[in-house]
Structure formats: structure tokens, C-alpha cells
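Trainee: I would like to go through the labels one at a time. Please show me the structure first.

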Amino acid sequence: MLTETLSGLELMQAMVTGDFPHPSMADVVPMKIISAEYGHVVFEAMADERHLNPLGGVHGGFFATVMDLVTGCAVHTTLEPNIGYGTIDLHVKMLRAIPKNTLLIAESRVIQSGYSLGISEGSLKDEKGNLYAHATATCMIYRGK
């Protein structure tokens, strides 16, 4: 399996080129990785009619899912082959309502990646640069035995 032989960065770059499938969550919350470098990823995301709350606005779960995925993937780019991670803390500030059917750019950078913890921050903006959300995440790094 490729996840056992590729580094996190190589895996993310394989998603960019289409040589490795995107995570299935990206079918539920439409997201596509567009670039990956060591400690930095950029995704495109778009809310649609499937992501509305009872009042007709984009649900906060959309914000959280996008920010969790992008901040975790940034940490993943710093990991060696066959090393896992999981989010243990996600803090999302939702700054304005997300419009439906509008292309958004989710970007994240790693602040610190150590032996057992990775910390990243991310933003969710539209193409004009308007900020919709900011997040910080802490990921536990699983290095096995």
C-alpha cells in the first residue's frame, strides 16, 4: 500500500497530481487539494445545498470539517512513511457566513512538528481574500512501537 511507502508530503503531492485518490470525506464536503509543500497545503472547497443548517445558512460543521482536513493534511506533509496522526484539538473561529456555491481557498501551515505533536493553523478565504474562518489544530503523531 502506498501509505506505507510514501512520506506524508509524497502522498499529498500524489493527491495533487491525481496519482492517489482524495480522501472520501472530500465527496461529502467538496474539497480538492491543489498544492502541497513541506508544512503547507492548499485546498479548494465549496459549500452547496447539502451543507445547510435549518435556517438555510451553511452549517458550522462545514467550517469545522474543512479546517480539520486542511490543518491535518499540513501536519501530514511533515511525516515520514507509515507514520499516522489524528486531531486531538481543533479550534475554529467562524468569522462570517459562507455563501453557497462559492469557491473557497483553505490553506494551512505547520507551526511546529515534533516527535509526538504537530501544530498547524489554517484559513478559509474566498478568491477576493475575504476571511471566513481561522483555525488552529493540534495533532497527535503515531509512530508505533
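Mentor: Start with a definition: buried means under 20% relative accessible area, exposed means over 50%, and partly exposed lies in between, using a 1.4 Å probe and protein chains only. This is a predicted model, where local features need pLDDT of at least 70, side-chain atom pairs count only at pLDDT 80 or more, and totals for chains, interfaces and linings use all residues. Residues are numbered from 1 along each chain as its sequence is written, and side-chain values use heavy atoms, without hydrogens and water.

Trainee: Which residues of helix 2 are buried?

Mentor: Gly8, Leu9, Leu11, Met12, Ala14 and Met15. Helices are DSSP runs of H or I with at least four residues, strands are E runs of at least two, and both are numbered from the N terminus.

Trainee: Why is Cys73 called buried?

Mentor: Its relative accessibility is 3%. The cut-off is under 20%, so Cys73 counts as buried. Cys139 is at 0%, so Cys139 is buried too.

Trainee: What makes a nonpolar core?

Mentor: Buried Ala, Val, Leu, Ile, Met, Phe, Trp, Tyr and Cys residues, joined through side-chain atoms within 4.5 Å. The largest one here has 32 residues. Phe43 is among those with the most contacts inside this core. Helix 4 gives the most to this core, with 8 residues.
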